[in-house]
Amino acid sequence: MGRSSNDIREMFLKFFESKGHTRVASSSLIPLDDPTLLFTNAGMNQFKDCFLGVEKRAYTRAVSSQKCVRAGGKHNDLENVGYTARHHTFFEMLGNFSFGDYFKKDAIIYAWEFLTSPLWLGLPKERLWVTVYATDDEAYELWNKEIGIPAERLVRIGDNKGAPYASDNFWAMGDTGPCGPCTEIFYDHGEGIAGGPPGSPDEDGDRYIEIWNNVFMQFNRTADGELHPLPAPSVDTGMGLERISAVMQHVHSNYEIDLFQHLIDAAAQVTGCADKENKSLRVIADHIRSCSFLIADGATPSNEGRGYVLRRIIRRAIRHGYMLGCKDVFFHKLVPALVKEMGAAYPELVSGQARIERALKLEEEQFARTLEQGMKLLDNAIAELKDKTLPGDVVFKLYDTYGFPVDLTNDIARERGLTLDMKGYEACMKEQRERSQSASQFGVDYTKALKVDAETHFHGYDTLQHRGHVMSLLKEGK
Ligand code: ATP
Ligand code: MG
Ligand code: MG
Ligand code: MG
């Protein structure tokens, strides 16, 4: 089977400790004092102020394994879960950091040593591809001359792309904050898997999988969109533990690694689904991690903000259970398996176990009251469709009466090749709001509930706009 995920996490931390890095615990998924961030989405979040130069720590090199959730905000993978081999809502990001200490050269040398040295991961070099930012000749030369990556496997990622998840070698944690050009390492999982190399038109397939991003932190972006050079060039890296585990365990999909197989086994048992390849089992195994970790870190399901994102993920998981024929509550029964798998590395799961189970069970019991009826309404509406669009009033009724978040309805529609009439839905919502303004109101605040959906909108356009500016700053050597 290869090395366990728990071993790989520990090897990474040890490797960078041996290079003078201080081991720092993961921060909470709920960002402290950072209203620009929905959930912690990268290892660098807790070090934001160190990059900005406003906080000094006792160390200038750090290493961590950070809990991340990407289910809203700038980095949102909720819609990818169940569709790609490599995306989760919750994942662990292994990262090494330099705060004005080393820069491009050492970062690249360390990354390569960890991946390819027989003393560490010992990966075959010819399977690794590298991308650099289009104008970053320095990084290109380092990879090509110092490390010896041939030009055939070394790709400059230009700024001619706007697709939602096409490669982008300028990394930013959010709309504001530290950012910079990056260099990424990909692993070729081999022929027979659909997808082209990075930078090619079909790069979004799952053959060449991005495993590690090394960001050269150089700028701070302020709310006006301007980029300001940081006080000192720094390094921020992130490698998905689940992706590198898949490579080390000689499996293609993250869902086939040890950690996920144990969760999928548990999900198979509680749902009674015997087919371990079933997509719903994968989604449930993914969602139990994000939901449990979010609750452990203090989130509670609610109708607004972070709590509403959590509620949406829970309801998606419950709907997948329903698809597998679960009539009874099941989701919270997966918590013990998760605690067994990850409790040693994250003790908050152990101390929070009872609370997590209670919160999930309560949410399940609530949604169970309307799920079946809602599904019937939806199935009837679909049976009557004349085209491929689900009418807005159906989407609204599901939301308003049956507690189906719009993204849940959209998820079901997508499985059946349908889209939603969002204009019609918004019109119903507007009417509802006007009605509730005139009557006395209790219950859901629709404006806030909606805001979270608004936050998850496509960001490709502003990315494109700022790129021209970034290119010129980099050319000027700033
Ligand atoms: P992708 O292009 O595959 O969506 P990304 O470029 O958005 O990944 P980064 O922001 O560069 O990812 O994050 C650093 C690393 O974290 C990635 O190289 C990958 O190994 C891991 N990672 C990112 N998103 C996810 C996810 N949703 N699930 C699991 N691992 C992830
Ligand atoms: Mg991504
Ligand atoms: Mg990427
Ligand atoms: Mg990346």
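Student: How many residues does helix α6 have, and what distance does it reach from its first C-alpha to its last?

Tutor: This is a predicted model, in which local features need pLDDT of at least 70. Residues are numbered from 1 along each chain as its sequence is written. Helix α6, a DSSP run of H or I with at least four residues, covers residues 258-271 and is close to the 20 Å expected at 1.5 Å a residue, the expected span being 1.5 Å times one less than the number of residues. Helix α6 thus has 14 residues and reaches 20 Å.

Student: Which elements are included in what covers the buried residues of α6?

Tutor: Buried means under 20% relative accessible area with a 1.4 Å probe, protein chains only, and the buried residues of α6 include L259, F260, L263 and I264. What covers the buried residues, by contact of heavy atoms within 4.5 Å, includes α1, β3, α5, α7 and α9.

Student: Are α10 and α11 roughly parallel or roughly antiparallel to each other?

Tutor: Helix α10 (residues 347-383) and helix α11 (residues 392-402) pack at an angle of about 165°, with their axes 10 Å apart. Angles between N-to-C directions run from 0 to 180 degrees, along lines fitted to C-alpha atoms over the stretch in contact, and those under 35 degrees count as roughly parallel, over 145 as roughly antiparallel. The two helices α10 and α11 are therefore roughly antiparallel.

Student: Does D393 count as exposed or partly exposed?

Tutor: D393 lies in helix α11. Exposed means over 50% relative accessible area, and partly exposed lies between that and the 20% limit. At 49% relative accessibility, D393 therefore counts as partly exposed.

How values were computed: Chains lettered and ligands numbered in written order. Predicted model: local features only at pLDDT ≥ 70, side-chain atom pairs only at ≥ 80, totals over all residues. Heavy atoms only, no water. Parallel < 35°, antiparallel > 145°, perpendicular 65-115°, else oblique.
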